[in-house]
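Please read the following account alongside the sequence and the coordinates.

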Amino acid sequence: MSDGDRIGVIGPNGSGKSTLLEMLHGRVKPDSGGVAVRKGTRVRCVLQISEFARGETIRTVIDKALDQARIPDTERLTRIAEILGRAGFTDLDADAATLSGGWRKRLAIVEALVQKPDILLLDEPTNHLDLAGIKWLETLLQSAPFASVIVSHDRYFLENVANEIVELNPAYEDGALRVSGNYSTFLEAKEVYLHAQRNRQEALENRVHTEIDWLRRGPKARTTKSKARIDKAHKMIGELAEMNARTRSTSAKIDFSASDRQTKQLLTLDGVSYAMGERTLFGDIHFIITSGMRVGLVGPNGSGKTTLLRLLKGELKPTRGNMRQAESLRIVYFDQNRELDPDITLRRALAPDSDSVIYQDRVIHVAAWSARFLFTGENLNQRIGRLSGGERARVLIAQLMLQPADVLLLDEPTNDLDIPTLEVLEESLLEYRGALVLVTHDRYMLDRISTVVFGLDGLGGAERFADYSQWEAWQRSQLAAGKINQSVETQSPSGVANARKASLTKKKFSYKEARELETIEQRIADAERELQAKHDVLQDVAIMSDGARLHAASMEMDAAQRTIDQLYARWVELEQKKN
């Protein structure tokens, strides 16, 4: 592994991805072979679940990390300012344990970054991050001087970040397939590999059939030639059995049941607003959800996505406006917190009342039902608390499938699911005949599933978009406007209100401003090249060892970043005036 390598690790649940990271980190010893790490190499690992002790602040978490890495006092302020500022943290005295899942994940990544690792290990880093957080992490890794190994199921993230993909899968002869390039390149190479494997398997099957026919004729094993052929035939039969076992397709069978309701309009939001104290999460929403509609609900952390789902479910009442449900509407809700009793067995979780379930008017034994979700009969007596995150997600999906629904509300259903299961889930949602409201950080799924995207801007406003790419373009420009939306959770209510008011202010669009708008994209491109040059200077070994020069270079890079932020903010302002 060399500096700048960004290795994406994928594979089905249980294939050993997290164990591989543990071995690279030195926490787990391999059964055979060894892991060679150059002496003095700093390896840091960010786990799937990011937790911090009560009473720890963002500042104390970072101070402990700097102490652990033995960073001199002369370098600390520069390092903290450079990394924390880009991560979007503004209140360093905030309680780390009370941050949302997305901001805890950011803090865990920053905790590793301030230690200047040579190798950064990331286990499902996009889980719980909002789209702005994922973009921040993508940008960070794309220009990082260190190497990274990233376990992820986020296909767009792998496409944008990885320059090498490794899939751990028993379907491969060596247990893994390694391809240089991004995720698209990997998929092409994988298809070539599997095609060659299928051809080889077919040829081997034909040869085995020939040899089996020969063996059935009862050849006399008196000659050396006959004995050799018999041995070779048995070897080929064993090889074919092993190949068949490896290539046997195993994927969860997911199929949500829609009701036969004929009503077209299922949920109507008429001027709906919701406030928490003085802060309005979203206001004056006019939106109708109809049968067959698939809504992708997007927005930064803290913008109110989960709150809106709970409002649609009927758990909450709007602060203002009216929300109407069709009569006897059946709503099924997937909670991102995945609350399952850890002490019950898998058998009881899948079939609470007996040893069978009723699915689409058919009685199915719990063993057959569990097999649809890739569990074996031996798993049935296992406690839920011992299951992996991906396995618990499959249990929840199994529970949802037993409930016919007019509307599915899915809050981050993709967390912990492997890519094959994600693809099956996507196919099921595409075939589902009811209405769907989906919150997910998986941009590939949003692109593929959504027929409409509904965006919360984090400032109290809401917008409707034709597709995810339209939302993404709008969100990029909004995020650049002083980075207001990147840190929704840290803003004061008055700050949010003022920002919202300012963003809605429109004035007459002049000829001079029109000319400025024509050239601003090029100016931004030039400014981003300047920022990259400043970043490269900051990585110079001679400068990094000189405190004064390092401080000056850091200040210059910050100034270059402010210039870009100002240009983006001006771009947004000009676009708003123009429209």
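How many of the 5 residues of strand E3 (residues 119-123) are buried? In this predicted model, 5 of the 5 are buried, so strand E3 is largely enclosed by the rest of the structure. Buried means under 20% relative accessible area, exposed over 50%, and partly exposed in between, with a 1.4 Å probe and protein chains only. Strands (E, at least two residues) and helices (H or I, at least four) are DSSP runs, numbered from the N terminus.

In a regular strand the side chains alternate between the two faces of the sheet. In E3, Ile119, Leu121 and Asp123 point one way, while Leu120 and Leu122 point the other way, and all are buried. E3 is joined to strand E2 (residues 43-46) by 4 bridges, and the two run parallel. Here arginine 44 stands opposite leucine 120. Two strands pair if DSSP finds at least two bridges between them.

Residues are numbered from 1 along each chain as its sequence is written, and side-chain values use heavy atoms, with hydrogens and water left out. As the model is predicted, local features need pLDDT of at least 70 and side-chain atom pairs count only at pLDDT 80 or more, whereas totals for chains, interfaces and linings use all residues.

Next comes a pair of helices. Two packed helices are described by the angle between their axes and the distance between the axes. Helix H2 (residues 58-68) and helix H4 (residues 101-113) have axes that come within 8 Å and cross at roughly 30°. The axes are lines fitted to C-alpha atoms, for helices over the stretch in contact, and angles run from 0 to 180 degrees between N-to-C directions. H2 and H4 are therefore roughly parallel to each other, a term for angles under 35 degrees. The contact (heavy atoms within 4.5 Å) is made by Ile58, Val61, Ile62 and Ala65 of H2 and by Leu107, Val110 and Glu111 of H4.

Strand E9 (residues 294-298) pairs with strand E16 (residues 452-456) in the parallel sense over 4 bridges, and the bridge partner of glycine 296 is valine 453 in E16.

Lysine 305 is placed in helix H9 (residues 305-313). Lysine 305 is buried, with a relative accessible area of 12%. Leaving aside neighbours within four places in sequence, lysine 305 is in contact with Leu297, Val298, Gly299, Pro300, Val439 and Leu456. The C-alpha atoms of lysine 305 and aspartate 411 are 8.6 Å apart, although 106 residues separate them along the chain.

Finally, the chain as a whole has 19 helices and 17 strands, and 47% of its 579 residues count as buried. The average pLDDT (the predictor's confidence in each residue, from 0 to 100) is 79, and 82% of the residues score at least 70. Over residues 482-507 pLDDT stays under 50. Where pLDDT is low, the predicted coordinates should not be read in detail.

Terms used
Parallel < 35°, antiparallel > 145°, perpendicular 65-115°, else oblique.
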